[in-house]
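Open the model in your viewer and keep the selection panel at hand. The tour moves from one selection to the next.

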Amino acid sequence: MEVLMQDLNELFRSKVQACFLGVAIGDAMGMPVETMTDDQIEKAVPGGVTGFLDAKQTRFDSISNFKAGETTDDWQLTRALAKSLIRCKGYDFEDMLKEQIREANESTAGWGGSTRNSIFQIQRFFQTDGREGKDPRNHSNRPAPNQGCGNGVAMKIAPLAMYVALANGGVTGGKMMSICVEQGMATHSDIRASIAAYAICWLMSSSVKDEMDVGSRKVDLKFKALVKTVRAAEKLYSAYHDYTDKISDRLQKIHENGLLSNLNGLIQQNGCSCYSLESIPFAIAIFFRNPTNFRAGVLEAVNAGGDTDTNAAIVGALIGANVGLESIPVEWQEFNRTFRDAKALGVEFFDTFAGRK
């Protein structure tokens, strides 16, 4: 029994490390071609992206001079959530926001508008004891059409997913959803951004202890369970929205239309932009296409175009959480200090919540 527990601990530690590392690698791999279409990527990089590159895109000045392997807000904010959880030895809403504020004051290169603006408004709220700025607990404002529904919540959710996975039943599905909503609506006014984050959090945390392999019946059952879980969340928070376009419907369409086996159809029919209704179902589909193949999944997400860094970061985290470090090419793991730091953070995180029990 003791040997079995040691083996399980090693496996779960590896999965936490790979989850964090997956965010960093996916972010860095997608950074050079962010917002470019698949055709533009093919023209700029004949044969497609196969490794780390200097920035190719010209839309965002803040990252136009980034070098191969550099990361953006995906890893920066993921790291912030992980640091807060470790420091507090659990979830603390205000501390988690303050850690993100610290990151914002270091750099906002490549940050999404909703996250950047909200974080600085929340900072103002804290600085003035609530007299000015944005109250992060006030969710009364209705979003303008197509505003506040980016993937900025889902892209940083990996540490919360690992916290849930290591809590051994200490965090229920309802609590997981409430945390995603609390964190999400602090920066994104559209509830669907939070539900998208919950979909990723649920799938990622469940994969740690219930590994999937390509082609197994478990893949189909897990996808159906995910749709059901997301529908329940949408129903629970229906008072926050009256949208006809929902995450669950997007996922259902992917399943019913056979888009898991049709990459071009997935890109054309669902999209892969930073809009949560596109990015999250897309990243989930790429994961289900490549649940154990890190290299294939990350590169597929990148070469599809769109929000390449975030999509690849989410895919990398999902595959990493599913199968651990052995899925990640060694040359990618050791490419730079950032990636080595991500692995080290994974060890510290695991030891905080499980390794020393």
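This is a predicted model: local features need pLDDT of at least 70, side-chain atom pairs count only at pLDDT 80 or more; totals for chains, interfaces and linings use all residues.

Residues are numbered from 1 along each chain as its sequence is written, and side-chain values use heavy atoms, leaving out hydrogens and water.

Start with helix 4, residues 93-106 (helices are DSSP runs of H or I, at least four residues, numbered from the N terminus). Select Glu-94 and Lys-98. Their side chains form a salt bridge, 2.9 Å from N to O (a side-chain nitrogen of Lys or Arg within 4 Å of a carboxyl oxygen of Asp or Glu). They sit 4 residues apart, about one helical turn. Glu-94 is partly exposed at 37% relative accessibility (buried is under 20% relative accessible area, exposed over 50%, partly exposed in between; 1.4 Å probe, protein chains only).

Next, select Arg-102 and Glu-99, another salt bridge at 2.9 Å. Arg-102 is partly exposed at 42%, whereas Glu-99 is buried at 6%. The structure holds 19 salt bridges.

Now select the cysteines. There are 0 disulfides (cysteine sulfur pairs within 2.5 Å). The sulfur nearest to that of Cys-19 belongs to Cys-201, 9.7 Å away. Cys-19 is buried, at 0% relative accessibility.

Finish at helix 11, residues 263-270. Its buried residues are Gly-265, Leu-266, Ile-267 and Asn-270. Their cover includes helix 10 and helix 12. Gly-271 follows, with a positive phi near 90°.

Methods:
Helices (H or I, at least four residues) and strands (E, at least two) are DSSP runs, numbered from the N terminus. Contact means heavy atoms within 4.5 Å.
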